[in-house]
Amino acid sequence: MSVNQILRLVLPLSALALLSTVFLLSTGVDPQRAVEMSDINVEELTREPRIGEARFAGVTIDATAITIVAHSVRSAGDLREDGPVLLYLDTPRGELEFPTGRIATFRGAEGRIDQSQDEIMLQGAVVLETSDGYIMTMPTLISAIQTTHVQGMGGITGQAPAGDISADTVELTLSDEETEGYLLAFKGNVRLIYFPDD
């Protein structure tokens, strides 16, 4: 018998023996053990169902498009029941697009959508940024749902196109002038450190 014939016989038999050893030594999967080893809290999911990567979009009565995206969303009650919606958001971010095309974005660590209060609230190092070059950080931001009205509170710090700015609160509303798009108003202990252009 030649070497090639021996290899043709021995190699397939060796592969078969190796596969049978793998299956003989493998253990079955214990579903209970798999749940214990996972990072998922089954009891919490049962008590508070969550939706991953949720997105909400709409238009205010004054024609501003609003979009909210969150890593996950959980409800405080049964969504099948009638009544106002209350949702809790994980790492939410939002965008306001004004009728003129200008944009304001905001993001935070956590938040909620409260239909009964007509508000979206973000907390935890909230950042509000406008397409005109304002970038502001604040502890809390509240945005109305039905109208264009955003209020940051708890101390505002950030950058304006002209320099650094700080204030107690900031308010963003739709401007009466169609050419402006929105009105950004800083209130309470307003301080601007002006940096002239070189």
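Author: Happy to! Let's start with Glu-119, which is buried, with a relative accessible area of 14%. Keep in mind that this is a predicted model.

Reader: Okay, and which residue does Glu-119 form a salt bridge with?

Author: Its partner is Arg-112, and the closest N and O atoms are 3.3 Å apart.

Reader: Is Arg-112 buried or partly exposed?

Author: Arg-112 is partly exposed, at a relative accessible area of 25%.

Reader: Where do Arg-102 and Asp-132 lie?

Author: Both are in loops: Arg-102 sits between strand 4 (93-97) and strand 5 (103-107), and Asp-132 between strand 7 (119-130) and strand 8 (135-144). They are 30 residues apart in sequence, so the pair ties together separate parts of the chain. Arg-102 is partly exposed at 28% relative accessibility, and Asp-132 is partly exposed at 33%.

Reader: Nice! What about Lys-187, which side chain does it meet?

Author: Lys-187 meets Glu-171 in a salt bridge, 2.6 Å from N to O. This pair links distant parts of the chain, with Lys-187 in strand 13 (residues 182-187) and Glu-171 in strand 12 (residues 169-174), 16 residues apart.

Reader: And is Glu-171 buried or exposed?

Author: Glu-171 is buried, because its relative accessible area of 18% falls under the 20% cut-off. Lys-187, at 42% relative accessibility, counts as partly exposed.

Technical notes:
Residues are numbered from 1 along each chain as its sequence is written. This is a predicted model: local features need pLDDT of at least 70, side-chain atom pairs count only at pLDDT 80 or more; totals for chains, interfaces and linings use all residues. Side-chain values use heavy atoms; hydrogens and water are left out. Helices (H or I, at least four residues) and strands (E, at least two) are DSSP runs, numbered from the N terminus. Buried means under 20% relative accessible area, exposed over 50%, partly exposed in between (1.4 Å probe, protein chains only). A salt bridge is a side-chain nitrogen of Lys or Arg within 4 Å of a carboxyl oxygen of Asp or Glu.
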